[in-house]
Amino acid sequence: MKKIIVIYESKYGSTKRYAQWIAQDLSCKVFPRKAIHPDDLKDFDTIIYGGGLYAGGVSGISLLTKYFEQIKEKNIVLFTCGLADPQDPDNIAHIRKSLEKVLTPEMLQAFHLFHFRGGIDYSGLNFVHKAMMGMLHHSMLKKDYNTLREEDKLMLDTYGKKVDFTDKDSIEPLVGFIKNLC
């Protein structure tokens with residue numbers, strides 16, 4: 001098997017959990033983003049990077065964008081992790097649209113994208129994220145509950161609680177993709 005590395009940036013733990021599951025299934029090393037220097041990437045054939053979705057951005061994605069010229073000949077997999085249900089085509093379209101703002105067309109073509117569902121523990125959110133979720137919650141309350149999408153209803157119903165949507169089985173397409181490369 002070719003040399004593989006899994007790198008992640010995780011604020012609240014869901015992305016880290018997925019990164020660890022992926023590394024375990026692929027029998028490769030896993031590192032937090034802060035432990036990796038861009039020069040370290042030259043030793044790997046496949047780079048798997050996972051970042052949490054926050055306000056339309058992917059945490060730590062600059063590792064891939066800033067150093068793209070140095071890694072573009074490698075197999076690059078990007079996985080995102082957020083509250084949005086990746087089974088909903090509207091959510092995937094929204095995530096992709098956000099990625100198009102940060103990634104060049106060449107990067108979008110080079111990166112293999114996967115999306116996973118994370119979780120939220122309101123008690124552990126930092127001030128900014130609490131404020132953002134509070135504003136979202138407040139705006140949802142103004143809408144007719146019966147006209148909301150199921151995902152929005154779920155957000156209202158679980159607001160302020162701990163919710164975990166992580167699912168180890170959801171990594172299978174990514175793991176299978178990597179195994180087919182080798």
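## Second largest pocket

The second largest pocket has about 230 Å³ of volume. Among its 15 lining residues, Pro86, Gln87, His115, Phe116 and Ser170 are the closest to the centre. Two or more residues of this lining come from each of H4 and strand E6 (111-117), and E6 gives the most, with five residues. By class, the lining has eight nonpolar, three polar and four charged residues.

A pocket here is an open set of points on a 1 Å grid over the protein atoms alone, with protein on both sides within 12 Å along at least five of seven lines; lining residues have an atom within 4 Å of a point. Grid points are joined across faces, edges and corners, and the volume is the space filled by probe spheres set on them. Nonpolar covers Ala, Val, Leu, Ile, Met, Phe, Trp, Tyr, Cys and Pro; charged covers Asp, Glu, Lys and Arg; the others, Gly among them, are polar.

## Model and numbering

This is a predicted model, in which local features need pLDDT of at least 70 and side-chain atom pairs count only at pLDDT 80 or more, while totals for chains, interfaces and linings use all residues. Residues are numbered from 1 along each chain as its sequence is written, and side-chain values use heavy atoms, with hydrogens and water left out.

Helices (H or I, at least four residues) and strands (E, at least two) are DSSP runs numbered from the N terminus.

## Largest pocket

The largest pocket holds about 1,000 Å³ of space. Its lining comprises 38 residues, and Leu53, Leu83, Ala84, Met133 and Leu136 lie nearest the centre. The lining divides into 19 nonpolar, 14 polar and five charged residues.

At least two lining residues come from each of helix H1 (14-26), strand E3 (46-54), strand E5 (75-82), helix H4 (89-102), strand E7 (119-121), helix H6 (127-141) and helix H7 (150-158).

## Cavity

One cavity of 30 Å³ or more is present in the structure. A cavity is a set of grid points where a 1.4 Å probe fits but cannot get out. The volume of the largest cavity is about 30 Å³.

Leu53, Thr80, Cys81, Gly82, Ala84, Pro86, Ile95, His115 and Phe116 form the lining of the largest cavity. E5 and E6 are the elements that give two or more residues to this lining, with E5 giving the most, three residues. Six of the lining residues are nonpolar, three are polar and none is charged.

## Helices H1 and H8

The axes of H1 and helix H8 (residues 172-181) come within 10 Å and cross at roughly 40 degrees. H1 is therefore oblique to H8. Axes are lines fitted to C-alpha atoms, for helices over the stretch in contact, with angles from 0 to 180 degrees between N-to-C directions. Angles under 35 degrees are roughly parallel, over 145 roughly antiparallel, 65 to 115 roughly perpendicular, and the rest oblique.

The crossing of H1 and H8 is right-handed; a crossing is left-handed if the near helix is turned anticlockwise from the far one by less than a right angle, and right-handed if clockwise. Ile22, Asp25 and Leu26 of H1 meet Glu172, Leu174, Val175, Ile178 and Lys179 of H8 in the contact (heavy atoms within 4.5 Å). This contact of H1 with H8 has five nonpolar, no polar and three charged residues.

## Helices H6 and H7

The axes of H6 and H7 are 10 Å apart, at an angle of about 115 degrees, so the two helices are roughly perpendicular to each other. Their crossing is left-handed.

From H6, the contact involves Met133, Leu136, His137, Met140 and Leu141, and from H7, Asp152, Met155 and Leu156. By class, the contact of H6 with H7 has six nonpolar residues, one polar and one charged.
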